[in-house]
Amino acid sequence: QVHLVESGVGLVQPGGSLRLSCVASGSIFSMYAMGWYRQAPGKERELVAQISTSVATNYAASVKGRFTISRDNAKNTMYLQMNSLKPEDTAVYYCNRTLNPASWGKGTLVSVSS
C-alpha cells in the first residue's frame, strides 16, 4: 500500500514562490514515474508536471517555465518548485504515480492572492 504525503501549504502573493514536497512510502519510489497534480475549486484534477524514472520532465503549458519538478530517490521524496505564482495557480496540489495511480493523499493547499 503506497502512502503519499504532500506538504508545503501556503498563502503567497502573486509573483511569489513556494516549494512543495511529496514523501512516498510503501513502494519502491525509484521505480515509478511520478507527477504533481492540482485541483482548483470547481474544476477537475489536472496533471501539471511529471518526472520519469530517468528524471526526464514534462510540464503542462500553463506552468512551463515557472514550475520545476525534481526527485530525490534516496529520500523517497519529490519536489515542485513554483515560481512567478499566479492567482490561477490556486488549488489543492497532489502527488501520485503517473501510471496506475495509488490512493490519493490529502493534498496541500496553495493559495495565491494579494
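Which residue in S8 is the bridge partner of Asp72? The bridge partner of Asp72 in S8 is Thr77. The structure is a predicted model, in which local features need pLDDT of at least 70, side-chain atom pairs count only at pLDDT 80 or more, and totals for chains, interfaces and linings use all residues. Residues are numbered from 1 along each chain as its sequence is written, and side-chain values use heavy atoms, with hydrogens and water left out. Strands, labelled S, are DSSP runs of E with at least two residues, numbered from the N terminus.

**The open sheet**

- Six strands form an open sheet in the order S2-S10-S9-S4-S5-S6, and the pairing is mixed. Two strands are said to pair if DSSP finds at least two bridges between them.
- The edges of this sheet are strand S2 (10-12) and strand S6 (57-59), each of which pairs on one side only.
- From one strand to the next, the twist averages 25°. For such angles, axes are lines fitted to C-alpha atoms (for helices over the stretch in contact), and the angles run from 0 to 180 degrees between N-to-C directions.
- Three bridges connect S9 with strand S10 (residues 108-112), and this pairing is antiparallel. Ala91 stands opposite Val110 in S10.

**Strand S8 and its partners**

- Strand S8 is largely enclosed by the rest of the structure, because five of its six residues are buried. Buried means under 20% relative accessible area, exposed means over 50%, and partly exposed lies in between (1.4 Å probe, protein chains only).
- S3 and S8 run antiparallel and are joined by six bridges. Within S8, Tyr79 is the bridge partner of Ser21.
- S7 and S8 also pair in the antiparallel sense, over six bridges. These two strands form a hairpin with four residues between them, and Asn76 in the turn has a positive phi of about 50°.
- Ser21 is located in strand S3. Ser21 counts as buried because its relative accessibility is 17%.
- Not counting residues up to four places away in sequence, Ser21 touches Val5, Glu6, Ser7, Trp36, Thr77, Met78 and Tyr79. Contact here means heavy atoms within 4.5 Å.

**The disulfide**

- One disulfide is found in a search of the whole structure. A disulfide is a pair of cysteine sulfur atoms within 2.5 Å.
- The disulfide is formed by Cys22 and Cys95, whose sulfur atoms are 2.0 Å apart. This pair links distant parts of the chain: Cys22 belongs to strand S3 (residues 18-25) and Cys95 to strand S9 (residues 91-97), 73 residues apart.
- The link of Cys22 and Cys95 is right-handed, with 70° about the S-S bond.
- Both Cys22 and Cys95 are buried.

**The salt-bridge network**

- The structure has three salt bridges. A salt bridge is a side-chain nitrogen of Lys or Arg within 4 Å of a carboxyl oxygen of Asp or Glu.
- Arg38, Glu46, Arg66 and Asp89 are linked in a network of salt bridges.
- Asp89 forms a salt bridge with Arg38, with the closest N and O atoms 2.9 Å apart. The two belong to distant parts of the chain, Asp89 in the loop between S8 and S9 and Arg38 in strand S4 (residues 34-39), 51 residues apart.
- Arg66 and Asp89 meet through their side chains in a salt bridge (2.7 Å, N to O). Since Arg66 lies in the loop between S6 and strand S7 (67-72) and Asp89 in the loop between S8 and S9, the pair ties together parts that are 23 residues apart in sequence.
- Glu46 and Arg38 also meet through their side chains in a salt bridge (2.9 Å, N to O). Glu46 counts as partly exposed because its relative accessibility is 34%, whereas Arg38 counts as buried at 6%.

**The surroundings of Asp89**

- Asp89 counts as buried because its relative accessibility is 0%. Arg66 is buried as well.
- A side-chain polar atom of Asp89 lies 2.8 Å from the backbone nitrogen of Lys86.
- Apart from neighbours within four places in sequence, Asp89 is in contact with Arg38, Arg66, Phe67, Ser84, Val110 and Val112.

Methods
A polar contact is a pair of N or O atoms within 3.5 Å; within protein, one must be able to donate a hydrogen and the other to accept it, and residues adjacent in sequence count only if both atoms are side-chain atoms.
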